[in-house]
Amino acid sequence: MASNASKPVIGLTSYLEPAKFLVWETEAALLHRVYVDCVVAAGGIPVLLPPVSDAHERLVSTVDGLVLTGGADVEPARYGQEKHPTTYTRPDRDAFEFGLFDAARRAGKPVLGVCRGLQVMSVALGGTLVQHLPEAAGTAEHQPAPATFGRGTVTLAEGSRAAAILGPETKTLCYHHQAIDRLGAGLEPVGWAADGTIEAAEVPGEFTLGVQWHPEQDSDDVRLFAALVEATEERA
């Protein structure tokens, strides 16, 4: 096992949200603990990155890899659309994560996008989103009910980085009412749900990989996080 001194530091984007804990009801910088646990299980040291700074290059320089985590919808104005009634946004978080993603790619740092994270990656590269899948696809299976993950199977493209990590298909837990419409420049679709929804995309030749499902919800399977940690070690 690697010593703490040699373990890579993995930055995880976090939320600014109203929260209640102990005697306090206040705005908090927070993230679901399962992300942190998955990074630890994968051999990394997790560091939370709250959306309160525009020092993107400096922040990226302090981590070895980056996880763009799940959360609110991307502001539709970023891809030239009006906001759908079901779309809920956090513009400050958008600005922070778009800046981090750009800085990470310019620095050659590995990036894993989770759910919203995939959408951030795609829109940052010029892509567009379907704002409400139940309207577009006629199904709510990707987000069956509040706080309820949908279960599915994603087929992965032969020869892709995603398939090298997870095999030709993988069971998933998903929670998204939006999805990729047009992928951003440089991203290739490499994973699909049974209904054809793009569930994974990557940039060939670099560890820039996004998945639409929530791998952090299965603590027994940290292969994506382990692959990110391994990619940081190979880069070092």
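In which helix is the place of arginine 116? Arginine 116 is found in helix α4; helices (H or I, at least four residues) and strands (E, at least two) are DSSP runs, numbered from the N terminus.

1. Basis of the note. This is a predicted model, in which local features need pLDDT of at least 70 and side-chain atom pairs count only at pLDDT 80 or more, while totals for chains, interfaces and linings use all residues. Residues are numbered from 1 along each chain as its sequence is written, and side-chain values use heavy atoms, with hydrogens and water left out.

2. Arginine 116. Arginine 116 counts as buried, at 1% relative accessibility (buried means under 20% relative accessible area, exposed over 50%, partly exposed in between, with a 1.4 Å probe and protein chains only). Its side chain forms a polar contact of 2.9 Å with that of aspartate 94. A polar contact is a pair of N or O atoms within 3.5 Å; within protein, one must be able to donate a hydrogen and the other to accept it, and residues adjacent in sequence count only if both atoms are side-chain atoms.

3. The charged network. Arg93, Asp94, Glu97 and Arg116 are linked in a network of salt bridges, each being a side-chain nitrogen of Lys or Arg within 4 Å of a carboxyl oxygen of Asp or Glu. Within it, glutamate 97 and arginine 93 meet at 2.5 Å, N to O; both belong to helix α3 and stand 4 residues apart, about one turn of the helix. Glutamate 97 is buried at 0% relative accessibility, and arginine 93 is buried at 3%.

4. Other salt bridges. The count by this rule comes to 10 salt bridges. One of them joins arginine 33 and aspartate 37 at 3.1 Å, N to O, both in helix α1; arginine 33 is exposed at 63% relative accessibility, whereas aspartate 37 is partly exposed at 33%. Glutamate 57 and arginine 106 form a salt bridge of 2.8 Å, N to O. Glutamate 57 lies in helix α2 (residues 56-61) and arginine 106 in helix α3 (residues 91-106), so this pair ties together parts 49 residues apart in sequence.

5. Helix α4 and what follows. Of the 9 residues of α4, 8 are buried, including Leu118, Val120 and Met121. Leucine 125 lies in the loop between α4 (116-124) and β7 (129-130). Not counting residues up to four places away in sequence, leucine 125 touches Phe101, Arg105, Gly184, Ala185 and Leu187, contact meaning heavy atoms within 4.5 Å.

6. Nonpolar cores. The largest nonpolar core has 33 residues, and Val67, Leu112, Phe207, Trp213, Leu224 and Phe225 have the most contacts inside it. Such a core is a set of buried Ala, Val, Leu, Ile, Met, Phe, Trp, Tyr and Cys residues joined through side-chain atoms within 4.5 Å. Its largest share, 6 residues, comes from α7. Another core, of 24 residues, lies apart from it and has Leu100, Leu118, Val123 and Ile180 among its members.

7. Tryptophan 24. Which residues lie in strand β3? The strand covers residues 24-30, tryptophan 24 among them. Tryptophan 24 is exposed, with a relative accessible area of 53%.
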